[in-house]
Amino acid sequence: MSELAERPSTAGQRLSAPESFGVSTLEPGLRPPVQPPGRQVSIRVQMLDDAQEVFQISQRAPGKVLFDLVCVHLNLTEGDYFGLEYIDHRKMTVWLDLLKPALKQIRRPKNTILRFVVKFFPPDHTQLMEELTRYLFALQIKRDLACGHLVCNDTSSALMVSHIIQSEIGDFDETQSWQHLLHNKYLPDQDAIRDKIIDCHRQHVGHTPAESDYQLLEIARRLEMYGVRLYPAKDREGTKLSLTVAHTGVLVFQGYTKINAFNWSKIRKLSFKRKRFLIKLRADPTQNSHHDTLEFAMASRDCCKVFWKICVEYHAFFRLFEEPKPKPKPILFTRGSSFRFSGRTQKQIIDHMKDSELKKVPFERKHSKVLSSSSMSPHSSSFRSQVPKESATSILLADQLDSARLEAKTNGSEGPPAIAPPTNGFPDSTLNSDPIRQNHKGADQHLLNPGPTCRANKEGPDSKESPQESPQVVANGSGPGDEQERGVTGIVDVVQIPEGQQLSPLTSPLLIEAGYVRHDDEEEARRKKFPTDKAYFIAKELLSTERTYLKDLQVITEFFQKAAGKDEAFPDTVKNLISSHYDPVYRFHQGFLKVMEQRLAQWEGRSNAHIKGDYQRIGDILLKNIQGLRHLTIHLQKHSECLVELERACRSSRKVEALCRDFEQQRVCYLPLYIFLLRPLHRLLHYKLILERLCKHYPPTHEDFRHSRAALAEISEMALQLQGIMMKMENFQKLLELKKDLTGIENLVMPGREFIRLGCLSKLSGKGLQQRMFFLFSDCLMYTSRGMTASNQFKVHGQLPLYGMTIRDCEVEWGVPHSFTLFGQRQSVVVTASCAAEMERWVEDIRMAIDLAEQNSNPNTDLLSTSPPENNLLVCSPEPLEDGAELESAEELCGSHSSLERQNHRGNTIVHVCWHRNTSVSMVDFSIAVENQLSGNLLRKFKNSNGWQKLWVVFTNFSLFFYKSHQDEYPLASLPLLGYSVTVPAESENILKDYVFKLHFKSHVYYFRSESEYTFERWMEVIRSATCSVSRPLLSSRKDLY
């Protein structure tokens, strides 16, 4: 450090300014700009760490001189991403024009403070080559969070703040972290999520400040409001909107929601006229649209001009090869503005950083108590040593080519390096175009499994780099809850560029969303050359479904118990019963999820498990998990008692019933409440099916086969032991749900009654064929019509006892296709089905139910064996409707007033879906749907849209639920699948992608794209289970059970 003492002092020290503890110049490497002669004026500039510096510029100096002085002071090489902004005499925030004289813009320099801030936000922060640049970007994110510009959900906010705290005070310490949060304000509503911030900070042990900056930017860049500065405007109808500009083009926001985007490639011209901002679009040859000019009204002409200027600069910075040349001065008349972008474009920055020798610039971090590597090792030689390499999702393309040749020689082969594809296989944003992929040739790195690493075979025999642990990164920062996800979802892939060929800036990783080059016609060859182990995708399915399962448990253990705790009417006995038997299960699976995430990270190469094969298995941790789960069997056996006691509390107290009803209306409760109580038992079936697929895939000689077989034996024994309880709970839960959908009957839940099928049939009466909803139980058949009430319930018109009933085909007799007659003891009913297959299902189930009724002429009084006999909920209720009585008066079709006390949001249940789509579903279908639950990332495309949107999709209860991220607490939308057909797109549909399946119902068409052949087959399998009724092999087991 003796050499540093001999070097010239910083600008602030030369001017006798107070010592700054912010960003300082410890190793000056840039020359100050040459200034024109003239009197010197002092200008104050506030840095991103809130330190103020004073700079001397000439009166005639352009703005670029001041900006260069700031960059020299900071020793900042990548300064073109930043700018100087200030508030002018019109009270408007404007950018300093680098070409015009600074003092002509800053009219009162003594009273004006300029702010050095980020001006251009790149789509991928890994392109910021220097740690100093990433630190300044992190300070910008910190400032945007504090002032409320970066709007996001609580989980993303908490996670970003936790990374900021990690960079400032280091590893988690309970007292220190609490005190630090009390004395520092990072968010406007920080106190509300302080506990969540602390929980996130616990996860970052060992992260250096540089790693924390990296993870902060990784989360921030995925947020919709990242880098957004809103400019108020109105459309032609006067609707209040906001305009902003990004690297992709001009965006339109309503509030904080993006409602439209105009890509640069679609924009022909941007202009303004007085207060009107005009966007002229290129003509679309596929549409006969004459309205190619969009008009927005802003507050004033000055507002239009300010926004127009930043649009011009964004377009030039991200789209042009080089800085635009100045226009020649006109001889007589001027037309239009002479404003142009000044500075290096992004392409020029990339080329400069590629050609220059990168040095690690040492600097000080304000308020940071952690000794950063940046201040300890000023002679570090490589950028890659500064970035957490296991987390980097893309590296500068040109830099990859240079390093490829060197590392290929190190590994004894020629060719570019191998770069693993992303963990989820998809881009992290909507794709408007599909980039080009090329095959990798010659690299000897084995690429069996996708992972978010950007490694260029650094583990060769001559490599001296030791692997380091990967920092934890949330794949999508917009979801709440689970902070445990490891991995980055950026897009990188194997890239090969012919030697001597120059890269176009439009195919740079920075300038296309996908971040890589790919040829569609070579996609299949690439997959064949680099097959992916099926066991990896099985393990990934286990991880994704475990995340969904833990979210479902959280509905009971956190959200419902919190709601129940606020209501004094909720019985403490029920509250304690649920807490004591669900909380231990939730805590156990929390631990298992962390182990699974760590194992997948090791499998993908994102941690220090670099020895191939050591961690490419899951049988061992599954066996350990299932053995631990055995100790929770006593809790699992008590879950049926929890269900019974909760229902008893609802029956005995209107306040408890209202509490449960109100809770079901919350967005977190996306399924009927009682279904969540069954989730732990359902999860045993999922483990069993996953292990069966794993054992089927492994050869007996595989190292993981023995553990997988042992785990399968353990879970099969547990599932068999709890199967009776689970099936009874499922039937009880289904009866309780149907009770909410029906009116005109009070004794639906009866001892020994079992649900078999529900669906739509047409009943023949004096008025002709009328649509009716039929419900088949083990002792009777009910038929109903949809009531015209606010509760959307179905009115029961009649009950036909099954005992002594016969069934006969009457298609010829009545001349109605797919019709059959039900002969009861007191009356007969003629019904028709929508198709032959539907008729066959009903006839088969009714005949089975008749046999079941005759065998059980003395009903079993114990529906749920776990409930004490003397406290059995299912005692006989008041007298049912007289058998065969049919009440179809107009008054009763409208429903009674008492039915309005039921739930008022039951218009989207399975019963209503069957009614609207004229189909049916059986208890066997429900059981199969339980086994076929699935979740994971998919790309979705609508019929008439061009782009693909990445979503987290959960299949359960015959529906697809769509989330932006697996961390979201509630779904954005849902799609009931009953009645839909699932197929593969035809060639005429021009879906030129692999692993795409199509969902269609009438005119509704959706395309979904999966990441691999295995996931494609799994999604097709589970969706077919919901859209196609199956045979009845499970009925015999249910008959034996009851």
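**Figure 1. Helix H15 against strands S22 and S23 in the predicted model**. Helix H15, spanning residues 534-566, lies across strand S22 (934-942) and strand S23 (949-956). The direction of H15 is at about 95 degrees to that of S22.

**Figure 2. The open sheet of seven strands**. Strands S22 and S23 belong to an antiparallel sheet whose order is S25-S24-S23-S22-S28-S27-S26. Strand S25 (973-976) and strand S26 (981-983) each have a single partner strand, so one side of each is left without a neighbour in the sheet. From one strand to the next, the twist averages 35 degrees. Val982 has Leu999 of S27 as its bridge partner.

**Figure 3. Packing of helix H5 with helix H6**. Two packed helices are described by the angle between their axes and the distance between the axes. For H5 (residues 131-147) and H6 (residues 154-169), the axes come within 11 Å and cross at roughly 130 degrees. This angle makes H5 oblique to H6, and the crossing is left-handed. Ile141, Lys142 and Leu145 of H5 make the contact with Met160, Ile164 and Glu168 of H6. By class, this contact has four nonpolar and two charged residues, with no polar ones.

Figure 4. Leaving aside residues up to four places away in sequence, Asp620 touches Arg599, Asp704 and His707.

Notes. Residues numbered from 1 in each chain as written. Predicted model: local features only at pLDDT ≥ 70, side-chain atom pairs only at ≥ 80, totals over all residues. Heavy atoms only, no water. Contact = heavy atoms within 4.5 Å. Axes fitted to C-alpha atoms, helices over the stretch in contact; angles between N-to-C directions. Helix = DSSP H or I, 4+ residues; strand = E, 2+ residues; numbered from the N terminus. Parallel < 35°, antiparallel > 145°, perpendicular 65-115°, else oblique. Left-handed = near helix turned anticlockwise from the far one by under 90°. Nonpolar A, V, L, I, M, F, W, Y, C, P; charged D, E, K, R; others polar. Pairing = 2+ DSSP bridges.
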